[in-house]
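Please open the model below and keep it beside you while you read my points.

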Amino acid sequence: MSTRASSESATTNTTTTDLLIVGGGPAGLSAAIMFSRLNRPCVVYDSGLYRNEGVAHSHTIAGYENAPPADVRSKIRADLQEYYGHSAEYRKGKIVEVKRVEGENRFEAKDEEGRSINARKVVLATGLKDHLSEIPGLAEQWGKRAIHCIFCHGTETREQPFAFLVTEKNKAFNPMMISSIFKLWRPLNHTKSYIFTHGLDVEDPAGQGRKDAGLEKDYDLVRSLGYEIITSPVESVYENTDKTALDIKFTSHPPITIPYMLVFPEKMTPSAHSPWLAGLFSEPLGPMGTIPFPPAPPVSEGEAQAKGMPRMGDDPKTSVKGLFWAGNSGSAVANVAMSVAQGQMAAAMAGDELGEEDINKLRH
Ligand SMILES: Cc1cc2nc3c(=O)[nH]c(=O)nc-3n(C[C@H](O)[C@H](O)[C@H](O)COP(=O)(O)OP(=O)(O)OC[C@H]3O[C@@H](n4cnc5c(N)ncnc54)[C@H](O)[C@@H]3O)c2cc1C
């Protein structure tokens, strides 16, 4: 049984370890702490590209309400170093390749400095990348005045004017966005609410624009509740000069000023630092750019439908033996607390597999 830190070979520039964790966000750092409880060695790589970079305050993290996300990460890193620095190694750097070595039940990875990591198990905690509508100014406001989640920063918009943006590229998610207005956002008592359809014509007699905007079911309700629908394409979204609100310009509607607006990403992909991730799997990535579910045995129709949903905190295994997912890499909807829990699950399962393999060697 190993109680040592990872071993290094200076001649081959190779680190040998039980677990490589790719990603130093909440999921990866929590996996490292959990795994360290087993007194086994692990190496964490953190390339410094966090999904909530630029966000001033985090919410819903128990014990850290309103804390900057960077403070949360640095506290977990400090704990990792203080309590488990003898077995866990945290490295700033990017992994550029991960390969399973067939027949040897292990993985070989390379970092951008050319070092090799020989690991028996790997946790992918690489996060994901949000792709926004290409409206000038929008990207700079992401996580500030252009927000995507009521739990992350919606509450701060209460009792002020607010807008919901739906776009053609997001037509699959727009019905969910519109129903969330009723289910989640109404208690925030926005003093004036807009729905921007960014060119989708909700009065089109064929009904396509209304359908694509997610308004097919509840158009009349939305109107009767006083939501103002602006169908003109949004031309730009910039913060005003005194930095108190957004100036929204339209191609064929007078400009308006609102403090905040809701925007869903139009696409999600693996982290820009992990373009190699998709190549590890024979199945295609999930609809939100996430690590695919392993192929399942035939299931009933209801279960098959449920598999279309984003996963929350279920099985951390992937279809590749010894390769696990945690956090947004496998679950686009996971917030920080869920990512922490998923990191723990992945580390526990990796430790369980290692233990079983070790004991099996003694049995044979
Ligand atoms: C605008 C915004 C606001 C949010 N606000 C909140 C909030 O208030 N509360 C909340 O609970 N959640 C919030 N979230 C969600 C939160 O950001 C995610 O739940 C969380 O970041 C997921 O953690 P993660 O570890 O999976 O990914 P990340 O935090 O994105 O970390 C990914 C890690 O992987 C690393 N990485 C990627 N590829 C490589 C590679 N090849 N080599 C080495 N390292 C690599 C990155 O550098 C990084 O260390 C917000 C999200 C957004 C977009």
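What covers the buried residues of α2? The points below start there.

1. **Ground rules.** This is a predicted model, in which local features need pLDDT of at least 70 and side-chain atom pairs count only at pLDDT 80 or more, while totals for chains, interfaces and linings use all residues. Residues are numbered from 1 along each chain as its sequence is written.

2. **The cover of α2.** The cover includes α1 (26-36), β4 (88-92) and α9 (336-363). Helices (H or I, at least four residues) and strands (E, at least two) are DSSP runs, numbered from the N terminus. A covering contact here has C-beta atoms, placed from the backbone, within 7 Å.

3. **The helix itself.** Helix α2 spans residues 69-84, 16 residues in total, and its first and last C-alpha atoms are 22 Å apart, close to the 22 Å expected at 1.5 Å a residue (1.5 Å times one less than the number of residues). Its buried residues are P69, V72, R73, I76, L80 and Y84. These sit on the same side of α2 because they cover an arc of only 95° around the axis, taken from the directions from the helix axis to the C-beta atoms. On the other side, D71, S74, A78, Q81 and E82 are exposed. Buried means 20 or more other C-beta atoms within 10 Å, exposed 12 or fewer, and partly exposed in between, with C-beta atoms placed from the backbone.

4. **Two domains.** The chain is assigned domain 1 (7-130 + 267-363) and domain 2 (133-263); such bounds come from an automatic or database domain assignment. Their C-alpha centres lie 34 Å apart. Six residues from domain 1 and four residues from domain 2 make the contact.

5. **The ligand shell.** Where does the ligand lie relative to the two domains? Both domain 1 and domain 2 give residues to the shell, so the ligand lies between them. Of the 40 residues around the ligand, G23, G25, G127, G143 and G327 come nearest (C-beta atom, placed from the backbone, within 6 Å). At least two shell residues come from each of α1, β3 (42-46) and α9. The shell divides into 15 nonpolar, 21 polar and four charged residues; Ala, Val, Leu, Ile, Met, Phe, Trp, Tyr, Cys and Pro count as nonpolar, Asp, Glu, Lys and Arg as charged, and the others, Gly among them, as polar.

6. **A loop glycine.** G286 lies in the loop between β17 (267-270) and α8 (301-306). With 18 other C-beta atoms within 10 Å, G286 is partly exposed.

Conventions: Two residues are in contact if their C-beta atoms, placed from the backbone, lie within 7 Å.
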